[in-house]
Structure formats: C-alpha cells, structure tokens
Amino acid sequence: MYKWIHQFGSPKYFYDISIPLSKWVAIICAICFVSGLYGGLVLAPADYQQGDSFRIIYLHVPAAWMSLFVYLIIAFSGAISLIWHIKITDIIARASAPIGASFTFLALITGAIWGKPMWGTYWVWDARLTSELILLLLYLGYIALQSAFDDKRIAARAGAILALIGVINIPIIHYSVEWWSTLHQGPTISKFDKPSIHLTMLIPLLLMVIAFKTFYITTLLIRARSEILEYECNSSWVKKYVTK
Amino acid sequence: MNVIHHGSKNMSLNNFLSMGGYAIYVWSAYGISFIVLFLNITLAIRDEHKTRNEIKKRLQNNKK
C-alpha cells in the first residue's frame with residue numbers, strides 16, 4: 001500500500017499512467033453524456049409541475065455537485081501537500097481549480113436560467129445561491145493566488161491555506177436549504193428511502209452525474225500532465241519524452 | 001398516409017425543439033454549458049501541447 005502511494009506520488013509514474021487512463025475515462029464520459037442527454041431530453045417525460053423546464057436539472061445538479069466535489073479535492077490535496085510536501089497533490093489542486101470554477105459558474109448560470117420561469121426571477125440573495133456565489137469567488141481567489149507567485153511551491157502553500165479556510169462554506173452550501181427558508185427546492189435524489197423523482201427521470205440524471213465526474217477526471221489528467229512537464233522540465237525523463 | 005406520417009414527424013421535432021414553451025430557457029442553458037465544457041477540454045489540450053513545445057524549444061536552444 002505504502003509503495004503504491006509512493007509510486008503514485010511520483011510525477012513520472014502519474015504521467016505514464018495518466019495517458020491511457022485519460023483516454024478510457026474520456027470514452028466513458030462520452031458514452032454517459034450521449035445516453036444521459038438522450039434520456040434526459042427525449043425519453044424522460046415532462047415534469048407534472050415544471051413542464052419541460054425541469055430538463056435543466058440534467059446540467060444544474062451535476063454541475064452543482066461537482067462544484068462542491070472539486071473544491072473538496074482541492075482542499076484535501078492542499079492539506080496533504082501542506083503536511084507531507086507531495087508534489088503531485090500540489091499539481092492536482094492547481095489543475096482542478098479552473099475546472100471547479102467552470103462547474104460553479106455553470107451551476108449558477110443554469111440555476112438562474114431555470115429560476116426565471118419557475119420563480120419569476122434570475123437571482124435572489126438567499127442562502128443557497130449566495131453561498132454558491134461565494135464558492136465561485138473562492139475558486140477565483142485560488143486561481144488568482146496561483147498566478148500571483150513566481151515560486152510554485154509558495155503559491156501551492158498559499159492556495160492550500162485559502163482552500164482549507166474556505167471549506168467552511170461547503171457544509172453551508174449543502175445544508176443551506178434545510179437551515180434557512182429559501183426559494184431553492186430541497187434535495188432531489190439524496191432521499192434514498194423515498195426518492196422524489198421517477199426512474200425515467202432519475203437514470204439520465206445519474207448518467208449525467210457520471211458524465212460530469214468523468215469529464216472532470218479527463219480534464220484534470222490533461223491539465224496535470226502539462227503541470228508535471230513544467231515542474232519536471234529539468235529531469236531526464238521529460239527531456240527524453242519531449243524530444244522523442 | 002405518407003403525408004400524415006411526414007407531418008407528425010415534423011410535429012414531434014417541433015414539439016421537441018419548443019420544449020413545451022420553455023425553449024429559450026432549456027436551450028440557452030444547454031448551449032452555455034456546452035460552450036463552457038468545450039472550452040475546458042480544448043484549452044487543457046492546447047496547454048499540454050504548448051508546454052511540451054516550449055520545453056522542446058528550450059532544450060534545443062540549450063544545445064546550441
């Protein structure tokens with residue numbers, strides 16, 4: 001186990017396995033995207049209350065979940081690299097930030113577009129929407145910090161501290177719909193005992209969740225590869241790889 | 001018969017595109033999402049190529 005962790009922490013090992021891995025994950029992503037979109041836009045019936053506007057859920061929910069998930073990955077990687085000074089977790093955190101920011105942006109924008117016909121407004125300053133907007137600002141702050149330092153190690157450390165402080169926002173986003181009264185509807189799928197969504201609507205949603213997750217992994221691996229090349233540009237394996 | 005069939009096919013496509021009157025909302029949400037995801041993946045791929053070429057160039061300059 002320790003040996004495996006050690007291997008995985010080595011940038012060259014990570015680089016080598018990331019090439020076939022990103023291809024396979026991308027294939028899974030494409031399959032889930034196409035079938036999820038077909039199921040969600042064509043096969044699923046219109047919602048009895050919201051009509052066809054509910055179909056925005058197939059973008060909104062996966063994007064919102066991933067915005068939290070990617071943030072937790074950044075904070076967790078940040079904690080690891082603060083404690084053990086592992087290069088690869090720095091790289092994972094840095095490579096995740098733009099993707100996470102995009103997911104947060106998408107969650108906000110699709111939510112606003114969905115809110116207009118359902119609530120009569122694009123935006124309200126309630127707990128769920130405001131805390132998600134703060135998440136976007138945290139992402140942007142993280143990205144700005146990364147480019148503010150010439151020394152990548154210092155940038156990574158500063159980013160990790162920001163990400164860890166910002167973690168407080170994650171449970172606030174998650175529980176905001178229960179803690180405060182809000183326009184935002186309650187959870188759709190997390191009630192496993194009695195799901196409030198029909199199977200023909202649920203299956204495409206799960207496919208889209210997998211599609212977004214695998215999209216994140218694919219993009220992360222590609223971004224991580226170029227970060228690794230830059231980090232390791234003086235090592236012999238990079239020189240060999242680049243010139244071949 | 002053929003005409004009716006053709007007509008109903010058109011109808012269902014129109015129905016699909018009109019999204020029960022929510023077309024502007026549904027399709028703009030999907031359009032924006034596709035643009036954002038597309039940019040994410042293409043910029044990531046472009047970055048990887050760029051880094052690779054830059055290091056290559058640096059190495060060649062060092063050899064001279």
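At what angle do helix α9 of chain A and helix α2 of chain B pack, and how far apart are their axes? Keep that in mind while you load this predicted model.

**Stop 1: the helix pair.** Select residues 236-243 of chain A and 23-63 of chain B. The angle between α9(A) and α2(B) is about 100°, and their axes lie 9 Å apart. That makes the two helices, α9(A) and α2(B), roughly perpendicular. Now show side chains. From α9(A), V238(A), K239(A), V242(A) and T243(A) make the contact. From α2(B), the partners are R52(B), I55(B), K56(B) and L59(B). Sorted by class, this contact holds four nonpolar, one polar and three charged residues.

**Stop 2: two positive phi values.** Most residues other than glycine have a negative phi. Select H85(A), in the loop between α3 and α4 of chain A. Its phi is positive, about 55°. H85(A) counts as exposed because it has 12 C-beta neighbours inside 10 Å. Next, pick M19(B), in the loop between α1 and α2 of chain B. Phi of M19(B) is also positive, near 50°. M19(B) counts as buried because it has 20 C-beta neighbours inside 10 Å.

**Stop 3: confidence.** Colour chain A by pLDDT. The chain A average is 88, and 92% of the residues score at least 70. Among the elements of chain A, helix α3 (residues 57-84) has the highest mean, 94. Helix α1 (residues 2-9) of chain A has the lowest, 64. Where pLDDT is low, the predicted coordinates should not be read in detail.

Note on methods:
Residues numbered from 1 in each chain as written. Chains lettered and ligands numbered in written order. Predicted model: local features only at pLDDT ≥ 70, side-chain atom pairs only at ≥ 80, totals over all residues. Axes fitted to C-alpha atoms, helices over the stretch in contact; angles between N-to-C directions. Helix = DSSP H or I, 4+ residues; strand = E, 2+ residues; numbered from the N terminus. Parallel < 35°, antiparallel > 145°, perpendicular 65-115°, else oblique. Contact = placed C-beta atoms within 7 Å. Nonpolar A, V, L, I, M, F, W, Y, C, P; charged D, E, K, R; others polar. pLDDT = per-residue confidence, 0-100.
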